[in-house]
Amino acid sequence: MSWMWLIPALPLLGFLVLAVLGRSMHWAVVAAVGTGSVGLSMLAAVAAVWGFWVSPPAGGSVTLTLWDWVRAGSFSPSVSLTLDALSAVMILVVTVIGFLIHLYSVRFMAGEEGYSRFFAYMNLFVGSMLLLVLAGNLLLLYLGWEGVGLCSYLLIGFWYSDPENGRSARKAFIVTRIGDVALVIGLFLIATNLGSLDIQEVARKATASWAPGSAIAVAAAALILGGAVGKSAQLPLHTWLPDAMAGPSPVSALIHAATMVTAGVYLIARTHALFVLAPDVMTATAIIGLAGVLVAGFSALAQTNIKRVLAYSTMSQLGYMFLALGVGAWSGAIFHLVTHAFFKSLLFLAAGVVILAMNHEHDIFAMGGLARKTPYTFWTFLLGALALTALPPTTAGFASKELILSRVWESGPGGRILWVLGVLGVFVTSVYTFRLLFTVFGGEPRGAPAHGSGRGAHGGGHGPKPAAHGSAAGKEGLAAGRDGRQAGVVMGVPLAILAVLCIVGGFLDLPRTLGGSPFITRFLETSLPAGTRAGEMPLSTDSILQIVSEAASLLGIPVGWLVSRRAIRVVTQTGGPAARPAFVRFFSGGMGFDWLYERAIVRPFVWLWNVNKRDAADRISDGVGGLSMLLSRAFRWTQNGRVRWYAAGVAVGAALVIAAAVLL
Amino acid sequence: MASVPFEYGLAVAGILFILGLAGVLVRRNLLFILLCVEIMLNAAGLAFIVAGARWGQADGQVMFIFLLSMAAAEVAVGLALILLLYSRRKDLDSDALGGSGRS
């Protein structure tokens, strides 16, 4: 496995090549380098995982130490890559999904200004994520963590000529930064207390020396949770995710499926040994996750921007992963991460085709009837939506969601309440998904909505890409011509592959009721323990629970249809989104979190900053500067360079000193 | 041999010093400024001699020997500098040399 370093190195190399030479390269070469580097990395990852699978190393993991990073006394973090079951699953997801998204981007971004810049950032994004998941050391993991954050900033603000996009990018960067600070403090805490940041060593030492529930264990786990909450867009640091829709659709797909938001889930799974020691933090994780499921689900119900619906949906699905982590179903969380990566990237990529076909229109109420216009996209989108709502014929979402929910039910008396709320989340998920599906693809084409200001329709005010992109507009004409038929081969193939993955993904870990094939759970067992099970429920209970949650999903279809009918009528006939009921507008604004943060944090901070601009400390330093300028002007004439003048100065000075000595 | 009164000696030394200082301040030619500095040094030397004679101590004359040797060294360096300066600038006007701000 000594060539394991190739996996993150290849995309990083691609980034370097594109960053240095990209501007002068033909677009086809850029596409080949950008996609090829990730493709080769994917092959390397497949080969590595195959090797890992065929001959599992002793201890369940193989570590490759590249070099010592820093040596400071006993603290010497090394640059080491660790391949175990968890990182094996992660590198497969990151490289396969990443490759498909790159492939799709070749066509999607065609003719776009900054083509090479786009692929350079995307490569860096994938490379950073691979570094993150392969890191055998928390410090190296943090390097990847920050790299991912940087790339999300660069890509969300990819169309930087619109200040609004830059604002979204900054928001994403700053909000996740709050979590990053918590994480870095957590790393300091671990490093000073355990004297190491090597992940396996930390887990071993922490288990040995920290008492369960002790303050230090709770603090460490809570700080790590803080970092994960920021990165994975969970309450209360989730507000950046809906705004992150300002980036191109493939970026959204990459952020939501393969990289970035999954990093938080991965981090908690990776450091689960610390969380086991802090049961309170695990409970908090579960509650944060469940609250995220519901808040995001209801917010998604009222969005008018197709990508914002999907963004809230991502947040809601990540909530399920946190819920799973909170009840100790580590492998359930990772399995849901995998299936979510399948269907969410499919949904985003299909939405990208829809947006192209609609000439960069994001407002779902301006769409409609797209099932006939873009049937191929419709069918793939439908499969993704069915996977999201855990309905057949897709198995991906179903298997992972049932795994999580059954483990939630088993996690004790409190778990029953969590389960009920979780099923409510399933119902809401189904409602907003089918509302979106019926509004976008069903009915007749509506064209521009009745209300004049199309831009105002979007909850956060993030309108479609401005018409300023002339080159993009020119290409859209071409794309629209093609998309009148289909997504095109280059964009269609990734959609097809992802749709197939959505259908068969569930067979990785079918629930017991459907025969059972706990492939993922068993595979992950070497690095993620089965966790604590309060008591295994009988098969019949399991079946009943699954029937209930499936019924909730099915019930969501007609409700979604009704909601869609009503919303279309209100929006298109009675004067736009402003005419919607107050509670809908409340949901549409993301339940007031942005409103609250704006007033509670941003404005006081800006106010303080304005005050501080003229503060006393500045007066003092400015005064010192002014005084020296004044004295400089006053005494400048004494330094005229004339020897005789200086001599006279010396004489007068001496006379004065002597006079003073004599007289005093 | 009637000794010169102490006060007279000091007065001559003072007058010499003032003359030297005035020369330093008034003359613009570096050579003359150097000459005037020598006069000031001699004034100081005279004050030492007179004071040594007044209190009957040899220290004043010792100091004068020191002063002479120091003056000789100073003249050697100063003249060398002036020569160099002259060969470069063809001018010894201190105001023209320094006041312009050029080195």
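Which are the buried residues of α10(A)? They are A:Ser249, A:Pro250, A:Val251, A:Ser252, A:Ala253, A:Leu254, A:Ile255, A:His256, A:Ala257 and A:Ala258, where buried means under 20% relative accessible area, exposed means over 50%, and partly exposed lies in between (1.4 Å probe, protein chains only).

The legends below describe a predicted model, in which local features need pLDDT of at least 70 and side-chain atom pairs count only at pLDDT 80 or more, while totals for chains, interfaces and linings use all residues. Residues are numbered from 1 along each chain as its sequence is written, chains are lettered from A and ligands numbered from 1 in the order in which they are written, and side-chain values use heavy atoms, with hydrogens and water left out.

**View 1. Helix α10 of chain A.**
Helices (H or I, at least four residues) and strands (E, at least two) are DSSP runs, numbered from the N terminus. After α10(A) comes A:Met260, which has a positive phi, near 60°.

**View 2. Chain A as a whole.**
Chain A contains 27 helices and 2 strands. Its radius of gyration is 29 Å, close to the 26 Å that the globule rule gives for 664 residues, so chain A is as compact as a globular protein of that length; the radius is taken over C-alpha atoms, and the rule is 2.2 Å times the number of residues to the power 0.38. The C-alpha trace of chain A spans about 115 × 65 × 50 Å along its principal axes, and 56% of the 664 residues count as buried. Of the contacts in chain A with a separation of 6 or more, 80% are between residues 24 or more positions apart, a contact being heavy atoms within 4.5 Å. The accessible surface of chain A comes to about 25800 Å², with 71% belonging to carbon and sulfur atoms; such areas come from the Shrake-Rupley method with a 1.4 Å probe.

**View 3. The surroundings of A:Ser553.**
A:Ser553 is placed in helix α23 of chain A, which covers residues 539–573, and at 0% relative accessibility this serine counts as buried. When its neighbours within four places in sequence are left aside, A:Ser553 is in contact with A:Thr389, A:Leu391, A:Val426 and A:Ser430.

**View 4. The salt bridge of A:Asp243 and A:Arg308.**
The side chains of A:Asp243 and A:Arg308 meet in a salt bridge at 3.1 Å, N to O. This pair links distant parts of the chain, with A:Asp243 in helix α9 (residues 240–243) and A:Arg308 in helix α14 (residues 306–326), 65 residues apart. A salt bridge is here a side-chain nitrogen of Lys or Arg within 4 Å of a carboxyl oxygen of Asp or Glu. Both A:Asp243 and A:Arg308 are buried, and they belong to a network of salt bridges that also links A:Glu164, A:Arg167 and A:Lys171.

A:Asp622 and A:Arg619 meet through their side chains in a salt bridge of 3.5 Å, N to O. Both residues lie in helix α26 (residues 616–635) of chain A, 3 residues apart, or about one turn of the helix. A:Asp622 is partly exposed, with a relative accessible area of 44%, whereas A:Arg619 is exposed, with a value of 52%.

**View 5. Two loops of chain B joined by a salt bridge.**
In chain B, the side chains of B:Arg28 and B:Asp93 meet in a salt bridge of 2.8 Å, N to O. B:Arg28 lies in the loop between α1 (6–26) and α2 (30–55) and B:Asp93 in the loop between α3 (59–89) and α4 (94–98), so the pair ties together parts that are 65 residues apart in sequence. B:Arg28 is partly exposed, with a relative accessible area of 43%, whereas B:Asp93, at 16% relative accessibility, counts as buried.

**View 6. Chain B as a whole.**
The elements of chain B run α-α-α-α from the N terminus on. The radius of gyration of chain B is 17 Å, well over the 13 Å that the globule rule gives for 103 residues, so this chain is more spread out than a compact globule. Its C-alpha trace spans about 55 × 25 × 20 Å along the principal axes, and 27% of the 103 residues of chain B count as buried.
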